[in-house]
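Open the model in a viewer and keep the selection panel at hand. The tour below goes from stop to stop, saying what to select and what is there.

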Amino acid sequence: MADAPPLSLYVPEPAVRPGDTPDFSNVVIPKAGSVDRPPVDADPESLRDLAFSIIRVLNRKGEAVGPWAGLLTPDELLEGLKHMMTLRAFDARMQTAQRQGKTSFYMQHMGEEAVSCAFRKALEPGDMNFPTYRQAGLLIAGDYPMVDMMNQIYSNEADPLKGRQLPIMYSSKEHGFFSISGNLGTQFVQAVGWAMASAIKNDTRIAAGWIGDGSTAESDFHAALVFASTYRAPVVLNIVNNQWAISTFQGIARGGSGTFAARGLGFGIPSLRVDGNDYLAVHAVAKWAVERARRNLGPTLVEYVTYRVGAHSTSDDPSAYRAKAESDAWPLGDPVLRLKNHLITLGAWSDERHTQAEAEILDTVIAAQKEAEKHGTLHSGGKPSTRDMFEGVYEEMPPHLRRQRQQAGV
Amino acid sequence: MPRMTMIEAIRDALDVSMGRDDNVVVFGEDVGYFGGVFRCTAGLQQKYGRTRCFDAPISELGIVGTAIGMAAYGLKPCVEVQFADYVYPAYDQIVSEAARLRYRSNGQFTCPMVVRMPTGGGIFGGQTHSQSPEALFTHVSGLKVVEPSNPVDAKGLLIAAIEDPDPVIFLEPKRLYNGPFDGHHDRPVTPWSKHALGEVEAGHYTVPLGKASVRREGSALTVLTYGTMVYVAEAAAEETGIDAEIIDLRTLLPLDLDAITTSVKKTGRCVVVHEATLTSGFGAELAALVQQHCFYNLEAPIARVTGWDTPYPHAQEWDYFPGPARIGEAMREAMEA
């Protein structure tokens with residue numbers, strides 16, 4: 001058309017960059033307790049609104065309110081609080097250990113502790129997670145030994161993965177924790193395959209896939225949703241929307257869609273958004289989705305709305321790409337503080353006991369760290385052998401690898 | 001003994017494997033009700049039910065990605081990628097995930113999966129139905145790469161691949177599905193029913209992975225090849241009168257180096273033949289190994305006869321294809337050097 005103006009490309013930018021005043025006024029936060037809790041076998045078409053709201057249980061006064069409340073006893077909540085506090089203390093120690101040169105790399109959970117810790121408690125033994133690198137709460141809340149996590153982080157002689165994998169890319173079949181790849185998005189579709197296998201074998205176990213907001217842009221995400229919806233796989237598909245993919249704000253992956261959860265609607269998959277900093281809400285939604293899977297009602301897509309308080313990893317500095325005070329301005333608060341305040345409101349906890357618990361947890365983490373460091377750290381002490389490097393590529397070592405191992409003198 | 005085409009032999013291998021082990025599942029595009037565009041899975045859904053053999057969405061990434069999850073669960077998925085040319089969307093899943101799962105989890109999780117795919121040209125398939133991507137897989141630690149050249153091997157190797165504890169890329173030379181095509185595209189192909197290797201044992205048997213086979217014994221030079229090119233090389237030997245020893249590698253990874261060195265040390269000359277493009281092709285690996293292990297036995301430079309380094313063309317298919325004339329010329333040059 002001769003009279004049309006020239007085209008121009010739209011490249012989204014976050015509203016706020018370093019030097020600006022943080023502003024989350026565009027994040028609509030519904031009141032705690034205001035979102036309905038439909039029956040798990042409700043027609044997915046009747047659930048579409050859930051993809052655009054945020055399910056919340058804890059209100060500003062620290063009370064648990066609404067239809068998603070009431071699933072956990074004070075003892076269970078206290079256990080959850082301690083899991084989150086443990087993960088936070090663990091992160092702090094390992095972050096420091098990386099700075100001290102005891103390992104090459106670390107990724108912390110600050111601000112996102114509720115997501116993996118609460119989700120874990122909705123699963124049964126035998127269920128399988130296909131996690132990303134920021135769900136170590138699945139291990140902490142699943143009673144995986146912290147010493148083994150640290151041995152892996154240090155790539156020392158007791159590393160269960162023999163020094164072959166980047167720090168924090170844990171694996172524990174026994175604890176329902178699939179080997180983390182380190183590639184993004186790939187495991188989302190594998191979770192669907194695992195769930196399909198369970199259904200093929202008429203098993204009762206279910207799978208949970210994990211992905212970040214940024215990685216939903218990968219084709220694997222789309223393929224996972226196609227297969228999950230086509231075969232009604234017994235899987236919970238979790239998107240952790242922590243607002244930032246390294247330096248890239250979530251608007252780059254999300255495009256014009258209202259929410260990440262809304263991606264599921266075109267597949268007819270029930271899709272929910274939940275306050276990811278609300279332990280009770282995460283747990284309640286996880287329970288709901290897990291029950292759907294277990295009752296052979298098919299997949300559920302869950303978007304956890306949260307905020308990555310720390311850096312992406314030990315290799316980046318967030319002050320270079322986002323406003324410094326942004327995490328303080330995040331409207332959904334700190335998951336640890338919110339659960340702590342709720343327990344105090346219930347009369348089941350106090351500031352004194354919290355301080356005491358913090359000290360006890362720190363002692364436990366330090367004791368585990370000392371134990372792990374007896375087996376070495378990345379550059380000192382015991383380490384996996386060069387022979388271990390050649391093992392386990394195949395079940396049986398083929399001749400060419402045997403020749404190379406000989407050549408390497410091991 | 002039953003006579004089978006390579007398609008029937010592959011179907012029989014799937015049938016035998018599914019019959020013996022409930023954990024074997026088969027899926028892919030058009031694989032279920034219809035039985036596959038090449039008919040390799042015909043009848044399997046009817047026999048084993050829709051949860052053991054089924055149609056998949058057109059997503060190679062999804063087919064292979066879900067198969068990896070199934071294998072990690074404990075099933076033995078044998079999936080079909082409709083043409084090897086379509087495998088690239090699944091490449092990340094194969095390379096970063098299937099191939100490394102055992103290693104990175106220290107054996108907690110494994111991936112006993114087979115990815116079947118028709119490979120090679122000669123069917124006027126153009127650049128999207130003719131490629132030979134084997135070197136993209138032989139370069140990946142943790143994979144096994146198999147390419148049979150006849151019904152007997154196809155069945156035994158496929159059963160072995162399904163029973164293997166590690167991921168196997170199973171390349172089926174589609175030009176050989178119905179007969180041992182020798183590169184003379186203007187002549188009729190002998191059907192497998194009239195070829196000794198079309199006589200396929202019924203029931204369960206395996207051909208071990210990692211073992212080559214001497215298809216033609218000879219003393220003048222060694223041809224290292226696999227897939228369709230086995231018969232093209234045989235034709236070249238007959239037509240030139242050169243007493244070539246033709247080694248059908250059958251498994252490219254792990255490679256039967258002993259069979260290669262035994263033959264080249266005997267003949268002192270070596271021609272490497274594959275249909276895939278030349279540069280960084282699997283022939284480069286073969287040539288490097290031969291010179292490393294047989295240098296003092298070599299009487300002539302190692303020659304490579306391959307597809308040209310162009311995309312696989314349509315109208316010029318037979319100019320691209322390394323036919324008997326080109327192989328024969330390389331053999332003569334090797335003899336004269």
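Start by selecting B:Asp30, in the loop between β1 (24–28) and α2 (44–48) of chain B. Helices (H or I, at least four residues) and strands (E, at least two) are DSSP runs, numbered from the N terminus. The model is predicted, so local features need pLDDT of at least 70 and side-chain atom pairs count only at pLDDT 80 or more, whereas totals for chains, interfaces and linings use all residues. Residues are numbered from 1 along each chain as its sequence is written, with chains lettered from A and ligands numbered from 1 in the order in which they are written.

B:Asp30 is not a glycine, yet its phi is positive, about 65°. B:Asp30 is partly exposed, with 16 other C-beta atoms within 10 Å. A residue is buried if 20 or more other C-beta atoms lie within 10 Å of its own, exposed if 12 or fewer, and partly exposed in between, with C-beta atoms placed from the backbone. Most residues other than glycine have a negative phi, and most peptide bonds are trans.

**Backbone exceptions elsewhere**

Next, select A:Gln243, which sits in the loop between β3 (235–241) and β4 (244–245) of chain A. Is A:Gln243 buried or exposed? A:Gln243 counts as buried, because 21 C-beta neighbours lie inside 10 Å. The phi of A:Gln243, a residue other than glycine, is positive and near 80°.

Then move to B:Leu253 and B:Pro254, which are joined by a cis peptide bond with omega about -5°. B:Pro254 belongs to the loop between β10 (251–253) and α9 (257–267) of chain B.

**A helix in chain A**

Select residues 146–154 of chain A, helix α4. Seven of the nine residues are buried, so this helix is largely enclosed by the rest of the structure. Among the buried residues of α4(A) are A:Met146, A:Met149, A:Met150 and A:Tyr154. To see what they pack against, show α1 (74–99), α3 (137–140) and α11 (351–373) of chain A. Contact here means that the C-beta atoms of two residues, placed from the backbone, lie within 7 Å. After α4(A) comes A:Ser155, with a positive phi near 50°.

**The two domains of chain B**

Colour chain B by its domain assignment: domain 1 (6–198) and domain 2 (213–336). These bounds come from an automatic or database domain assignment. The C-alpha centres of domain 1 of chain B and domain 2 of chain B are 25 Å apart. Their contact takes 32 residues from domain 1 of chain B and 29 residues from domain 2 of chain B. On the domain 1 side, the elements giving two or more residues are α6 (134–138), β5 (144–146), α7 (151–163) and β6 (168–173) of chain B.

**Strand β6 of chain B**

Stay with β6(B): six of its six residues are buried. B:Val168, B:Phe170 and B:Glu172 are on one side, and B:Ile169, B:Leu171 and B:Pro173 on the other. Which strands pair with β6(B)? Strand β4 (residues 114–119) of chain B pairs with β6(B) in the parallel sense over six bridges, and β5(B) runs parallel to β6(B) with three bridges. Strands count as paired if DSSP finds at least two bridges between them. B:Met117 is opposite B:Leu171, while B:Val145 has B:Ile169 as its bridge partner. From β5(B) the chain passes through α7(B) to β6(B) in a right-handed β-α-β crossover; right-handed means that, with the strands pointing away from the viewer, the path from the first strand over the helix to the second runs clockwise.

**The mixed sheet**

Now show the open sheet of five strands in chain B, ordered β7-β9-β8-β11-β12, with mixed pairing. β7 (213–216) and β12 (303–307) of chain B are at the edges with a single partner strand each, so one side of each has no neighbour in the sheet. Within the sheet, strand β8 (residues 221–225) and strand β9 (residues 244–248) of chain B run parallel and share five bridges. B:Thr222 has B:Glu245 in β9(B) as its bridge partner.

Finish with helix α10 (residues 282–294) of chain B, across β8, β11 and β12 of chain B and at about 160° to β11(B). Axes are lines fitted to C-alpha atoms, for helices over the stretch in contact, and angles run from 0 to 180 degrees between N-to-C directions.
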